[in-house]
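Please keep the sequence and the 3D view at hand while reading.

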Amino acid sequence: FIGLGYTFMRFDASGTHNGVDVSDLDETRSGININLGLAYDINEKLSIQVQYDFVRLGVNDEVLDSAFNKNVTILKIGLGYRL
């Protein structure tokens with residue numbers, strides 16, 4: 001399967017990163033989500049699924065560091081059981 005959508009992500013951090021205090025980082029970012037996946041029925045009760053998501057976050061001018069990574073990749077692997 002393939003999919004196209006819009007994703008919202010919430011970021012909540014504490015501590016420091018490269019000497020910068022990020023304790024007050026609590027924000028939501030969003031962006032376009034494209035995904036690909038495969039699902040396979042092992043038998044009538046058991047299935048397996050693998051999905052890859054690519055999210056391109058929309059970032060406004062408040063992010064000053066040009067090295068900020070706007071791309072999020074997620075690999076999901078699941079096992080399903082039907083009752």
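**Serine 47 and its surroundings**

Leaving aside residues up to four places away in sequence, serine 47 touches Tyr40, Asp41, Ile42, Gly78, Leu79, Gly80 and Arg82. Serine 47 belongs to strand 5. Its relative accessible area is 16%, and because buried means under 20%, serine 47 counts as buried. The model discussed here is predicted.

**The chain as a whole**

- The protein chain contains six strands and zero helices.
- Followed along the sequence, the chain has the pattern β-β-β-β-β-β.
- Of the 83 residues in the protein chain, 17% are buried.
- The protein chain has an accessible surface of about 6,600 Å², and carbon and sulfur atoms account for 57% of that surface.
- Among contacts in the protein chain with a separation of 6 or more, 50% are between residues 24 or more positions apart.

- An open sheet is formed by four strands, in the order 1-4-5-6, with antiparallel pairing.
- Strand 1 (2–12) and strand 6 (71–81) are the edge strands; each has a single partner strand, so one side of each has no neighbour in the sheet.
- From one strand to the next, the twist averages 30°.

**Strand 1 with strand 4**

- Strand 1 and strand 4 run antiparallel and are joined by 11 bridges.
- Within this pairing, methionine 9 stands opposite arginine 29 of strand 4.

**Strand 4 with strand 5**

- Strand 4 (residues 26–41) and strand 5 (residues 46–57) are antiparallel, and 11 bridges join them.
- The two strands form a hairpin, with four residues lying between strand 4 and strand 5.
- Several facing residues can be located in the 3D view: glycine 31 stands opposite leucine 57 in strand 5, asparagine 35 has aspartate 53 of strand 5 as its bridge partner, and leucine 36 has tyrosine 52 of strand 5 as its bridge partner.

**Strand 5 with strand 6**

- Strand 5 pairs with strand 6 in the antiparallel sense, over 11 bridges.
- Here arginine 56 stands opposite asparagine 71, a residue of strand 6.

**Threonine 7, a buried residue in strand 1**

- Threonine 7 is located in strand 1.
- With a relative accessible area of 16%, threonine 7 falls in the buried class, because that class covers values under 20%.
- When residues up to four places away in sequence are not counted, threonine 7 touches Arg29, Ser30, Gly31, Asn33 and Val55.
- The side chains of threonine 7 and asparagine 33 are joined by a polar contact of 2.9 Å.
- Computed along the sequence is not the whole story for threonine 7 and arginine 29: they are 22 residues apart in sequence, and their C-alpha atoms are 8.4 Å apart in space.

**An aromatic pair**

- How many aromatic pairs does the count give? The count comes to one aromatic pair.
- The pair consists of tyrosine 6 and phenylalanine 8, whose ring centres are 5.4 Å apart and whose planes meet at 70°, so the arrangement is edge-to-face.
- The angle decides this label, because planes over 60 degrees apart count as edge-to-face.
- In general, the distance of the centres and the angle of the planes are used to describe a pair of aromatic rings.
- Both tyrosine 6 and phenylalanine 8 are exposed.

**Lysine 70, in a loop**

- Where is lysine 70 found? Lysine 70 lies in the loop between strand 5 and strand 6.
- Its relative accessibility is 30%, so lysine 70 is classed as partly exposed.
- Lysine 70 touches Val55, Arg56, Leu57 and Val59, with residues up to four places away in sequence not counted.
- Lysine 70 and glycine 31 are 39 residues apart in sequence, while the distance between their C-alpha atoms is 9.2 Å.

Conventions. Residues are numbered from 1 along each chain as its sequence is written. This is a predicted model: local features need pLDDT of at least 70, side-chain atom pairs count only at pLDDT 80 or more; totals for chains, interfaces and linings use all residues. Side-chain values use heavy atoms; hydrogens and water are left out. Two strands pair if DSSP finds at least two bridges between them. Axes are lines fitted to C-alpha atoms, for helices over the stretch in contact, and angles run from 0 to 180 degrees between N-to-C directions. Rings of Phe, Tyr and Trp (its six-membered ring) pair if their centres lie within 6.5 Å; planes under 30 degrees apart count as stacked, over 60 as edge-to-face and the rest as tilted. Buried means under 20% relative accessible area, exposed over 50%, partly exposed in between (1.4 Å probe, protein chains only). Contact means heavy atoms within 4.5 Å. A polar contact is a pair of N or O atoms within 3.5 Å; within protein, one must be able to donate a hydrogen and the other to accept it, and residues adjacent in sequence count only if both atoms are side-chain atoms. Accessible areas come from the Shrake-Rupley method with a 1.4 Å probe; for residues, only the protein chains shown count as cover.
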